[in-house]
Amino acid sequence: MRLFAIFGDPVAHSRSPLMHNMVFKTLGYSGCYTRIQLKDGSKLRETFFNLGLSGANITVPHKEAAFNACDEIRGFANKVGVVNTIIEQDGKLIGYNTDADGFMFAIAPFKNIKTVLVLGAGGTSKALTERFRDEGLSVTVMNRSSKRLESFKENGFETVTWEEVEVKAYDLVVNTTSAGLQDENLPAPDDLITSLLKKASYAADAIYGKRTPFLKLCDTLSITVKDGADMLLGQGVLANAYFTQEQLPLESIRTAMQKSFEL
Ligand code: ATR
C-alpha cells in the first residue's frame with residue numbers, strides 16, 4: 001500500500017484526506033492518505049522520507065518551503081515558485097503546482113472565455129493571472145488600492161483601481177480578494193461590481209466553505225459560477241492523477257472525489 005499525506009499548519013480542517021481516500025477506495029487503488037501537522041517547513045523533506053511517503057500535498061504556510069524541498073520542479077510551479085503537490089520518483093522529490101491548473105480544470109465547462117477580470121492583487125491573483133496568460137487570455141487586474149497592482153503592471157498586465165475601471169463586457173470575473181471570507185463584504189462597491197457582473201458571462205470565487213456575498217450577487221443576476229469547492233476539487237483531481245502515476249482517467253477521479261464533498 002502506498003502512503004500519502006497533506007502537510008500544513010493548521011491541517012486538522014483539511015478535506016484532502018477524505019477527497020483522496022474516497023478516490024482510492026472507489027477506484028480500488030492501494031493507497032492511504034493522512035494529515036501531518038508540520039510546524040517547521042524546513043523539516044518537510046526529511047519528514048517525507050522518514051515516513052516513506054509516495055506523495056504529498058502541501059498547504060499553508062509551507063508551499064514555498066515545498067518548492068525549496070524538491071529536487072525537480074515541473075510545469076507551472078516553476079513560474080510561481082510555489083508547490084502544492086510532491087511525488088517521490090527514484091528517490092527524488094518532484095514538485096508540481098496544481099492550484100492554478102485545477103482552477104482551469106474547474107472552469108473547463110465555461111466556453112469561449114477570452115477576457116478575464118481578476119479582482120484582487122494578492123498571491124492567488126498572481127498565480128491565476130499568470131496561468132490565464134499562459135492560456136492566451138486577455139487579463140485585467142482590478143484592486144481596491146494601487147500599491148499591490150504595481151508588480152502586475154511591471155509584469156505586463158493591464159491594471160485598474162475601482163476608480164479607473166471601464167465597465168465593459170468581460171467573459172469571466174474572478175474574485176481572489178479576501179472580501180467575504182470573514183465578513184459580508186463584496187470585493188468592490190455594490191454598484192460597480194453589479195454593473196460589471198451584469199455584462200459578464202461567467203464568474204468564479206476562490207473562497208472555499210461559504211456562499212460569499214459575491215456568489216450570492218451572481219445568483220441574483222443568474223450568472224453561471226464556480227466556487228471554492230470547485231477549485232479545491234480541481235487541484236485535488238490533478239494531484240491525485242500525479243499520485244496514481246496518471247493511470248486513472250481524470251473523469252473517474254473527478255466523479256469519485258466529488259462524492260467526498262457529500263460527507
Ligand atoms: P491571497 O494571498 O489569498 O491572494 P492576500 O495576499 O492577503 O491574499 O491579498 C488579499 C487581496 O484582497 C488584496 O488584493 C486586497 O486588496 P488591497 O491590496 O487593497 O489590500 C484584497 N482585499 C481584502 N479585503 C478586501 C475588501 N474588503 N474589499 C476589496 N478587496 C479586498
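**First stop: the mixed sheet**

Select strands S2, S1, S3, S5, S6 and S4: in that order, these six strands form an open sheet with mixed pairing. Helices (H or I, at least four residues) and strands (E, at least two) are DSSP runs, numbered from the N terminus. Two strands pair if DSSP finds at least two bridges between them. Strand S2 (31-37) and strand S4 (72-73) are the edges; each has a single partner strand, so one side of each lacks a neighbour in the sheet.

This is a predicted model, where local features need pLDDT of at least 70 and side-chain atom pairs count only at pLDDT 80 or more, while totals for chains, interfaces and linings use all residues. Residues are numbered from 1 along each chain as its sequence is written, and side-chain values use heavy atoms, with hydrogens and water left out.

Now zoom in on S1 (residues 2-8) and S3 (residues 55-58). They pair in the parallel sense over four bridges. Pick Phe 7: its bridge partner in S3 is Ile 58. Next, show helix H1 (residues 16-27), which packs on the sheet and touches S1, S2 and S3. Contact means heavy atoms within 4.5 Å. The direction of H1 makes about 170 degrees with that of S2. Axes are lines fitted to C-alpha atoms, for helices over the stretch in contact, and angles run from 0 to 180 degrees between N-to-C directions.

H10 lies across S1, S2, S3, strand S5 (85-89) and strand S6 (92-96). It runs at about 5 degrees to S5.

**Second stop: loops**

Go to Asp 9 and Pro 10. A cis peptide bond joins them, with omega about 10 degrees. Pro 10 sits in the loop between S1 and H1. Then select Val 60 and Pro 61, also joined by a cis peptide bond; omega here is about 5 degrees. Pro 61 is in the loop between S3 and helix H3 (63-69).

Move on to Asn 112, in the loop between helix H5 (99-106) and strand S7 (115-119). Its phi is near 60 degrees, a positive value in a residue other than glycine.

Select S9, S8, S7, S10, S11 and S12. These six strands form an open sheet in that order, with parallel pairing. The edges are strand S9 (158-161) and strand S12 (224-226), each pairing on one side only. Neighbouring strands of this sheet are turned by 20 degrees against each other on average, direction ignored.

Look at S7 beside strand S10 (residues 172-175): the two run parallel, joined by four bridges. Val 116 has Leu 172 as its bridge partner in S10. Helix H6 (residues 123-134) lies across S7, strand S8 (138-143) and S10. H6 runs at about 160 degrees to S8.

**Last stop: the ligand**

Show the 15 residues around the ligand; Ala 121, Thr 124, Asn 143, Arg 144 and Ser 145 come nearest. The criterion is a heavy atom within 4 Å. By class, this shell has four nonpolar residues (Ala, Val, Leu, Ile, Met, Phe, Trp, Tyr, Cys and Pro count as such), two charged (Asp, Glu, Lys and Arg) and nine polar (the others, Gly among them).

- Thr 124: a backbone N or O atom lies 3.0 Å from a ligand oxygen.
- Arg 144: a side-chain N or O atom is 2.8 Å from a ligand oxygen.
- Ser 178: a polar backbone atom is 3.4 Å from a ligand oxygen.

Finally, show the surface. The protein covers 74% of the 650 Å² of accessible area that the ligand has on its own (Shrake-Rupley method, 1.4 Å probe).

How values were computed
Polar contact = N/O pair within 3.5 Å; in protein donor to acceptor, adjacent residues only side chain to side chain.
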